[in-house]
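User: I would like to learn how to read a contact between two chains. Can you take me through one example?

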Amino acid sequence: MKHFSPGWTLIRIYTFLVYVFMFAPIVVVIVLAFNPKQFGIFPMEGVSLRWFIKLAQNESIIEAFRNSLILGSLTAVFSTGIGILAALAFIRFEFPGKNTFNTILLSPIMIPEVVLGVALLLFLRFLQQPKSFVLLLIGHVVLTLPYVLLIVQARLVGIKKEYEEAAKTLGANAFQTFRDVTFPLLLPAILAGALFAFTISFDDITATLFWATAQNQTVPVKIFSMLRNSISPEINALGAVMILLTVTTPLLAGYLSRKFSKVRS
Amino acid sequence: MKSNSWKPWALLAPSLSAVFLLLIIPVCFVIVYSFWLRAPSGADIPAFQMGNYAKFFEDFFYPKILIRTIRIAFETVILCVVMGYIPAYYFYLSQSRYKQVFLLLIMLPFWVSFIIRTMSWINIMGDTGLINHFLLKIGLIETPISMLYNEFTVLMGLIMYLLPFMVLNIYVSLEGIDKSLLEAARCMGCTEWQAFREVTLPLSLPGVSAGCLLVFVLTAGTYLPPMILGGPGNDMIANLIFKRVIGTLDWPFGSAISVILLSLLFVIVWTYNRYLGINQIFKSFQGN
């Protein structure tokens, strides 16, 4: 079916405009990161790397990057770990209350982050514990768990149970079956889930504003406090670095996993 | 099967205990705290009284913020449907080789930090931003128009954040429609428009409504766009909670507002689930 009708042309133009709307602001951030002047936004007066250099010399931003990377990686590890176990339970077993428990585990998606932020902080206050890195970590695990669960479950449904049963018939125990059969087949979903968890944690701002202290600021929290003054080319440069990092990671991972799977097959 | 009955529970133990301990119990604490008293010294006193709720509905100040939140959420939902349906429909019917690339591109903003997407509007709509610069350049205006810090910019920020969710939900349900139904409709003499109205549109409504629910819920709890792109009069309920809890450390009142927000969302999600079923929402996340 070929589309040449005027209606189809309008649909294409409309879609194009929506893309412009979605991407113009992001492109402008990247372009303005190279703006040499200190005050005002437009017009640009040439191209310079001075704000990137200033960023690289800013101790507190380097520190925030380190915090964000460590937090994101640990969140991805824990969230994916317990997410895989839960997905196995939901897809491979029958037990009473299955749907209810599934809904409970997915519920953090539907609970506003502000409420989650208040709730965890209040609980901590009751336990008379200070805010710490551990609070950020467990908070981020709860935030990311539903997404990991959804991604891993979706993949697990597609892996035939027969493979696992065959392995068991051939004498493998439960752990061997998981290690040699289920895990390799599940790997793309595990990587996707971990990546998703990392990115959500790396980008999270609302709940993190509740949980972070001056010592463990993440990059978004740092940007937030810089925005208090007003927008500056330095923030745009930091934004450009963030965009580069969070956009290339999934693209690179997708490319690598495709290459990897080609080599194997 | 009997001997296996403990296994799923062992597998579920870590995630269930995490969610119970770190989500459900803390939310119960919020509910309990919302009945407590706050001493003038700032200490919280255990009590069971409705004072915090009474304070919220005492005059028009707080209910106005609640109503504004609901209104902005509805506006965002409508704008997202209007802006999102056609691109999703385009992805569904397009035979372009680059369809997958386009689809990936609309997801790309998901990967760009929320705070950067939000603040990027300042570059566009600020006094020395792109639009003012352009209008000055072509001589349409003499002095910059001030466009930032109002409800319109808040809506721009919200749409930028939520449109991908809507597009994805609609696309997932369009993808599920058997294209031979369309061909059948065309064979029976329907025009392209009639086929869309009679076949495609009704069958895609589950995706539209799932997208609407998701966008509504996420907007109602949103904190960042009103904070960065809104003025003093554009606060939404989440901003109020943040101010009461982090700003004035009024935990009981902050908890009460949280409970009000949660109840609002609960009523909406419950009603939706009762009549339409909640599972459609989770489909869109599994697609990618």
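**Reading a chain-chain contact**

Analyst: Start with one residue. B:Asn123 is buried, with a relative accessible area of 0%. The cut-off for buried is under 20%, so B:Asn123 qualifies. Keep in mind that this is a predicted model.

User: Where in chain B does B:Asn123 lie?

Analyst: B:Asn123 belongs to helix α5 of chain B, which covers residues 114-125.

User: Which side chain does the side chain of B:Asn123 make a polar contact with?

Analyst: A polar contact needs N or O atoms within 3.5 Å. Here the partner is the side chain of A:Asn236, at 2.9 Å. Between chain A and chain B, three residue pairs are in polar contact, counting pairs with both residues at pLDDT 80 or more.

User: How many salt bridges are there between chain A and chain B?

Analyst: For a salt bridge, look for a Lys or Arg side-chain nitrogen within 4 Å of an Asp or Glu carboxyl oxygen. The count between the two chains is one. B:Asp44 pairs with A:Arg125, and their closest N and O atoms are 2.2 Å apart.

User: Which helix gives the most to the side of chain A that touches chain B?

Analyst: Helix α1 of chain A, residues 6-32, does, with 16 residues. By class, that side of chain A has 69 nonpolar, eleven polar and four charged residues.

User: What area do chain A and chain B bury between them?

Analyst: About 8200 Å², with 84% of it on carbon and sulfur atoms. Chain A brings 84 residues to the contact, and chain B brings 89.

Methods:
Residues are numbered from 1 along each chain as its sequence is written. Chains are lettered from A and ligands numbered from 1 in the order in which they are written. This is a predicted model: local features need pLDDT of at least 70, side-chain atom pairs count only at pLDDT 80 or more; totals for chains, interfaces and linings use all residues. Side-chain values use heavy atoms; hydrogens and water are left out. Helices (H or I, at least four residues) and strands (E, at least two) are DSSP runs, numbered from the N terminus. Buried means under 20% relative accessible area, exposed over 50%, partly exposed in between (1.4 Å probe, protein chains only). A polar contact is a pair of N or O atoms within 3.5 Å; within protein, one must be able to donate a hydrogen and the other to accept it, and residues adjacent in sequence count only if both atoms are side-chain atoms. Contact means heavy atoms within 4.5 Å. Buried area is the accessible area (1.4 Å probe) that two parts lose on being put together, summed over both. Ala, Val, Leu, Ile, Met, Phe, Trp, Tyr, Cys and Pro count as nonpolar, Asp, Glu, Lys and Arg as charged, and the others, Gly among them, as polar.
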